[in-house]
Amino acid sequence: MSFLTLDHVTHHYFSASSYTKALKDISLSIKQGEFVALLGPSGCGKSTLLSIIAGIVEHTSGNVFLENTPIKPSDKAIGYMLQQDYLFPWKTILENVMIGPKIHRSNDPAIRTKAEMLLKQVGLTGISDDYPGSLSGGMRQRVALVRTLLNDPKILLLDEPFSALDYQTKLKLEDLVSTTLKAFNKTAILVTHDIGEAIAMADRIFVMEANPGMISKVFEVPIELRQEAPFSVRKHPKYQMLFDKVWEELEDKEGNPAE
Amino acid sequence: MAPETNTDNQLFQRHKYKLKREKRIVITWQLLLLLAFIGFWEVASRLYWIDPLLFSSPSEVIQVLFSNMADGSMVKHIQITLFETIAGFIIGTLVGILFASVLWSSTRFSKIMDPYLVIMNAMPKVALGPILIVALGTGYVSIIAMGALISVIITTLVIYNAFNEVDPNYEKVLKSFGATRWQQFKEAIFPATLPAMISTLKVNVGLSWVGVIVGEFLVAKQGLGYLIIYGFQVFDFSLVLSSLVLIAIFAAIMYKVVERLEGWLIKSKT
Ligand SMILES: Nc1ncnc2c1ncn2[C@@H]1O[C@H](COP(=O)(O)OP(=O)(O)OP(=O)(O)O)[C@@H](O)[C@H]1O
Ligand SMILES: [Mg+2]
């Protein structure tokens, strides 16, 4: 059964003098517990697509269903990590992380312990009372990740969550996120520019093309790779094969190198 | 390691010393300038370079201040003017922020109101003085209203603009957690515009003094504005200048208090 369904979703951005067709006829369906990666050139509408699924941007036509009901704005079941961290500079790290529970007026005393545990898991200790201004880009990104995870959403939308991290931290966090999501059978959509990351983490990979944004090809990640943790996927013999195929598809669609 | 830290520390000390010295030089010059001004004023008045009847002299001003302070009459005038100014300042600022929030809550309403706000902003508020007096009486109420009125529209406009300039992605983050519009306001819009609000506070200090003094010109039987008009009518310019000196001192104190408030708020919020 489909958990998330997009049915001919199209989106235009309008300005006073013109419009941009950011997405055209996107149809896809994602199963409960499935991990999907979105790859594509800059400007092909990946962030727009996530914002639509999160109910923050209203698409111009088509339908989006979550568990067979049309998505409503700001569904608590959806956790969305934006492309930039947008931590509130006037809140401490802990207050930033706990903004979700605050909005939902949850006064579960265990949530604070959970927040500090998650911060520790992503390698951030002793900064709970600091302000975001004193953190590096990579640290801020991890805080934003914790902010999204803490809310315990049914589906996670992650927009380039590891882009500001050094390679080692990135590999560690991929493992952490991947195993956590698998353990709780959560559904996730990951936007990334890193083909390796997509293969290492996802069950399926959607490659998009730009102008207008469309899905050009879907790759199934072989079952052998899916069972491994992201770190060991990269060493699997089948990894390189898939990598080359995805690379070729992207090369095809980009024509000239993006950016 | 040890010797290196030592020189680092020495450099730091030298840097601190330099800053301190620079500050001392600036303050010395500021004081010198003030003394020179007062000295020149006194000498010019004594030697009749300027008409002492019109421009008085520092010694005269000080004498007037002391004698009026001693019999307590000046204190009364200062109290009433300060009360009116602070009340006008606070009411004008709070109502302005409230109006801005109402405008923010409905984009359509704010578009409808736009031309009226522009007109009200362009209108010289003191011209409404006579109407206020008829409506609210000749007491301190209409003077406070004047002090508030003069700052309320500009506060509304400035704060509303600041609300709109907050990065919409902060609202996006909150929306993704299901925040209501009120929660977005409370968690993002309001705290993000705090610095803008403080800077309007600084502008409003000056504006409410204008409103209150003009109000006192028009009706008051008490207050520093009244003293200025009274001194003018009986041709006692030492009294006029004494009141001016007092206004300058208290306006500067109010400004400094707001500045302190700013430092404190910014420190506790970032
Ligand atoms: N708020 C907006 N207003 C107008 N046009 C927009 C807006 N946001 C995005 N666009 C346009 O829509 C298209 C898709 O943008 P989007 O941000 O979704 O791309 P993306 O795939 O996430 O790119 P990147 O990989 O660089 O993050 C682009 O052409 C962009 O210029
Ligand atoms: Mg993007």
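## Chain contact and ligand site in a predicted model

The contact is made by 23 residues of chain A and 19 residues of chain B, where contact means heavy atoms within 4.5 Å. This is a predicted model, in which local features need pLDDT of at least 70, side-chain atom pairs count only at pLDDT 80 or more, and totals for chains, interfaces and linings use all residues. Residues are numbered from 1 along each chain as its sequence is written, chains are lettered from A and ligands numbered from 1 in the order in which they are written, and side-chain values use heavy atoms, with hydrogens and water left out.

### Between the chains

The size of an interface is often given as the accessible area lost when the parts come together. Here chain A and chain B bury about 2000 Å² between them, and 65% of it lies on carbon and sulfur atoms; buried area is the accessible area (1.4 Å probe) that two parts lose on being put together, summed over both. On the side of chain B, Tyr170(B), Phe177(B) and Glu187(B) lose the most area to chain A, together 34% of what that side buries.

Glu187(B) also takes part in a salt bridge with Lys102(A), at 3.1 Å from N to O. Seven residue pairs are in polar contact across chain B and chain A, both residues being at pLDDT 80 or more. A polar contact is a pair of N or O atoms within 3.5 Å; within protein, one must be able to donate a hydrogen and the other to accept it, and residues adjacent in sequence count only if both atoms are side-chain atoms.

Helix H8 (168-176), helix H9 (181-192) and helix H12 (237-269) of chain B are the elements that give two or more residues to the side touching chain A. H8(B) gives the most, with seven residues. Helices (H or I, at least four residues) and strands (E, at least two) are DSSP runs, numbered from the N terminus. By class, this side of chain B has eight nonpolar, six polar and five charged residues. Ala, Val, Leu, Ile, Met, Phe, Trp, Tyr, Cys and Pro count as nonpolar, Asp, Glu, Lys and Arg as charged, and the others, Gly among them, as polar.

### Around ligand 1

The residues surrounding ligand 1 include Tyr13(A), Lys46(A), Gln83(A) and Glu160(A), each with a heavy atom within 4 Å of the ligand. The shell has three nonpolar, seven polar and two charged residues. Helix H1 (residues 46-53) of chain A gives the most to this shell, with three residues.

| Residue | Atom of the residue | Distance to an oxygen atom of ligand 1 |
|---|---|---|
| Ser42(A) | polar side-chain atom | 2.5 Å |
| Gly45(A) | polar backbone atom | 3.0 Å |
| His193(A) | N or O atom in the side chain | 3.0 Å |

Taken alone, ligand 1 exposes 640 Å², of which the protein buries 62%.

### Local features of chain A

Glu34(A) and Arg204(A) form a salt bridge, their closest N and O atoms being 2.6 Å apart. This pair links distant parts of the chain, 170 residues apart: Glu34(A) is in the loop between strand E2 (19-31) and strand E3 (35-39), and Arg204(A) is in strand E9 (residues 204-209).

The peptide bond from Asn211(A) to Pro212(A) is cis, with omega near -10°. Pro212(A) sits in the loop between E9 and strand E10 (214-220) of chain A.

Key:
Salt bridge = Lys/Arg side-chain N within 4 Å of Asp/Glu carboxyl O. Areas by Shrake-Rupley, 256 points an atom, 1.4 Å probe, with all protein chains shown as cover.
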